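Colleague: I'm still learning how to read a model like this one. Could you show me how the terms are tied to the values?

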Amino acid sequence: MKYVVLLIVLVVVIGIWRSRRDSEAASRTPSSPPAAPPGGSQDILACAHCGVHIPQAEALMLGSQAYCCPEHRQQGPA
């Protein structure tokens, strides 16, 4: 019988501890929106020859066509 009472007391204490911890965590959450990921977003372009998608910063441009490597730029669109 004493083990049942001890178990009930333990469950109540753990419940109170968890509820206080959750309320403290909720009060500490920032109200501002999350920051943007570092580096920002980039446009993705498809290679005019093979279709591989590459970031615009890494694309090799020839006119309005984007290429993934110098060989594909020399060969032109497929």
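Modeller: Gladly! This is a predicted model, and a search of it for aromatic pairs gives zero.

Colleague: How do you know that the count of aromatic pairs in the structure is what it is?

Modeller: Ring centres have to lie within 6.5 Å to pair, and the structure holds zero such pairs.

Colleague: What makes Arg21 a charge over the ring of Trp17?

Modeller: The charged end of Arg21 is 4.8 Å from the ring centre of Trp17. The limit is 6 Å, so this distance qualifies. Lys2 is placed over the face of Tyr3 too, 5.7 Å from the ring centre, and that value is also within 6 Å.

Colleague: Why is Val11 called exposed?

Modeller: Its relative accessible area is 53%. You will find Val11 in helix α1, which covers residues 2–28.

Colleague: How much of the protein chain is buried?

Modeller: Buried means under 20% relative accessible area, and 10% of the 78 residues are in that class. The accessible surface of the protein chain is about 6600 Å², with 62% of it from carbon and sulfur atoms.

Key: Residues are numbered from 1 along each chain as its sequence is written. This is a predicted model: local features need pLDDT of at least 70, side-chain atom pairs count only at pLDDT 80 or more; totals for chains, interfaces and linings use all residues. Side-chain values use heavy atoms; hydrogens and water are left out. Helices (H or I, at least four residues) and strands (E, at least two) are DSSP runs, numbered from the N terminus. Buried means under 20% relative accessible area, exposed over 50%, partly exposed in between (1.4 Å probe, protein chains only). Rings of Phe, Tyr and Trp (its six-membered ring) pair if their centres lie within 6.5 Å; planes under 30 degrees apart count as stacked, over 60 as edge-to-face and the rest as tilted. A charge sits over a ring if NZ of Lys or CZ of Arg is within 6 Å of the ring centre and within 35 degrees of the ring normal. Accessible areas come from the Shrake-Rupley method with a 1.4 Å probe; for residues, only the protein chains shown count as cover.
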